[in-house]
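We begin with a pair of strands and then widen the view.

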Amino acid sequence: MNILTYLIPISLVLGGFGLLFFVFTLRTNQYDDPEGDAQRILSDEWDDKPKP
Amino acid sequence: MTAAMRPNMSACPACSAAPAAEDLASRAAQKDARLALSLPTIHCAACIAAVERRLAAEPGVISARVNLTLKRATIEASPEVTAEQLVQVLDTIGYEAYELDAGTLSATATDRAGRELLMRLAVAGFASMNVMLLSVAVWAGAADATRDMFHWISAAITLPTVLFSGQPFYRSAWSVLKHGHLNMDVPITLAIVLAVATSLWETSLSGEHAYFDAALTLTFFLLAGRYLDHRTRAIARSAAEELAALEVPRAFVLQDGVEREVPTAELKVGDIILVRPGGRMPVDGEIIEGTSELDRSLLTGESLPVFAEVGQGVSAGEVNLTGPLHIRALAVGEDTSLHRMADLVAIAESGRSKYTSLADAAAKLYAPGVHILSALAFLGWLAYSGDMRVALNIAAAVLIITCPCALGLAVPAVTTAASGRLFRAGMLIKHSTALERMAQVDTVVFDKTGTLTEGTPELTNLADIPADMLSLAAAMAAGSSHPLSRAIALACKQAGVVPEQLSEVTEVPGYGTKALWQGQELRLGRASWLGAKTGSQTSAWLKLGDAAPVAFTFADSLRTGAEQAVKALQASGKMVCLISGDTTDAVEAMAARLGIDNWMAEALPGDKSARIQTMAAEGCKVLMVGDGLNDTAALTAAHVSISPASALDAARVASDIVLLGGDLSPIPAAIETSVSAVKRIKENFRIATLYNIIAVPLAVAGLATPLIAALAMSTSSITVSLNAMRLRG
């Protein structure tokens, strides 16, 4: 059962990373236009890098 | 409305940590996003690309970005680019566009309440997944010290999460309890609190059952429902608010002979305002210089322009047609007749018969039922076993199992799917119960001017006019922006008429146009000016020299989809009526053209709403479709109401649903969608009840385990959501 001392913190930390990442996506307005973003994948016009 | 939407800046630690940054960001957005357009007809990647490419190609436009979810484009451009210009540009490539006020826009762009909910949802999701992992280990057979440790870790995760994520429920429950009422949030709060409390107690006594996972999944599912609900409503609300900005945002004030552009909000009584042809009156006032004609169709439903001269009063919302007018402001802002009408509507609104939404009806049955059930279980077990701990555990289990996960999702999941579908069809549901009310509709009442018709005239007697007169008229009409002239010019262009060469074409504001042709005077204008007899139909006259004047008659052109909408509604067994403030002849002709038997002409605003109230008293569920100020009372009186995007602010505020485009054809489909939405909601209630019927006896009998609770909760929530998804498409 000693393995739990590693596994539980690891699972919590990994989950926490996921949460932090979500907070980041929320902060950068990534949920403002879900439908448009889904459609834009099909667009022929793409950029080599993100717009400034 | 904006104020009501704002969340009270609260315990979301992340939000309150950086309010300054958010403020800064929104201010930056306000500066950049100078123009915003509503694009009701866009729907796919090709539309996005076409619109963005065309806008970007326009000189002066720095960048253009389309938001498909909100169906709008934000454009950053140099100051000389105007929204009207971009609207026209988009029109040439086949997209309808309406200007939005970027100021109002930035106020609602960052949806703080939505983000806050999303954050709580994410935290609840994260916590429930972790706790569920631990719980699965317990259910799989972890025992003794291991189980206790797992429970303690679960508790450590659950407590802060429940405190943070559950706040919307606690707040809502507290506010209704204060007033001695019950809503769905009371049993939810009680279930969460009781589940956490008994689980803590059990854990401290090394007990076998802990409901930490249940408390968290409950929060998670309910927050999901809350978020869906919020999202649907926030989109509708912000869009409605921004459309409101279609009202004249700027006016030209004359000060010491100098013309100055000021926002309408800053106008004062006594200001001299210049209203150009084509402009809308920003205030109530009196004409002090100029003659013209006024289009009052939005206020009264009259399709015929009215002559206007010095000394005459004008009301905010009227459109100036031919000559520039100087008006002295007599009432501004909140005091204008436009706003007073809106206030009347607000009063009518408060007296409107309250419709109890299906969710409220369910909650009314449900909330007391659950409390009584779990209290009985508690008392029963206390009497039977005499053990407080057992009794409390069972009472908690009953509350958790009956907790309205599925009920909480049943309505928002369906309304989200249905509103999404209607939004794609070009309709905006403003009111939360509009969908349910629309499902009951059996009578549809249309207004004429501006609703069934475009409000722009169309030449009807082209074939009766001699060819030489036509080419003269075409030349006369070409130079004028009067709606009747434009109708003549359009009809002549379509018929291939070659305009004559004229000289000295001058517009006589308020009367018509005059010119010289081969030495003879030629005049095109209103009957009284040319000595012709005024008929009942909308008409203009053309007079060459001393010859008898030739009549040009007009009818309002039908709005796109009006015919199909009326046909489809009649085919589906609805009674269709036409009530208009216009003249009997015009209304009769329109009714005959559309095959509507039931019509009423020359109706005053009061008549319209009275007629609708009579219908309602006879047991009809009336859907009112109207756009004018004269319709607002009727829109409010009706069971449910729709107004087009071109409608006046007050009419849009009064109506439950706003059509985003100019097309009326989505209305019958919308009624169908609403009927099936209500069907799905009722199905969902039945599904949720079924799960309760199976699980509650187990809980009361003390046989429920956290595993059974988790299974019942998740399966019912998922079934309900999947059932709602069937509405999409």
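In this predicted model, strand β17 of chain B is joined to strand β18 (residues 512–517) of chain B by 4 bridges, and the two run antiparallel. Across this pairing, B:Thr506 stands opposite B:Lys514 in β18(B).

Now let us step back to the sheet. The pair belongs to an open sheet of 6 strands in chain B, ordered β16-β21-β20-β19-β18-β17, with antiparallel pairing. Which strands stand at the edges? They are β16 (453–459) and β17 (503–508) of chain B; each has a single partner strand, so one side of each is left without a neighbour in the sheet. On average, and with direction ignored, neighbouring strands here are turned by 20° against each other.

A helix joins the picture too. Helix α19 (residues 467–478) of chain B packs on this sheet, and its direction makes about 70° with that of β19(B).

Finally, the contact between the chains: 21 residues of chain A are in contact with 20 residues of chain B. On the chain A side, the elements giving two or more residues are α1 (3–27) and α2 (34–40) of chain A. The largest share, 9 residues, comes from α1(A). The table sorts that side of chain A by class.

| Class, side of chain A that touches chain B | Count |
|---|---|
| Nonpolar | 10 residues |
| Polar | 6 residues |

Definitions and conventions. Residues numbered from 1 in each chain as written. Chains lettered and ligands numbered in written order. Predicted model: local features only at pLDDT ≥ 70, side-chain atom pairs only at ≥ 80, totals over all residues. Contact = placed C-beta atoms within 7 Å. Nonpolar A, V, L, I, M, F, W, Y, C, P; charged D, E, K, R; others polar. Pairing = 2+ DSSP bridges. Axes fitted to C-alpha atoms, helices over the stretch in contact; angles between N-to-C directions.
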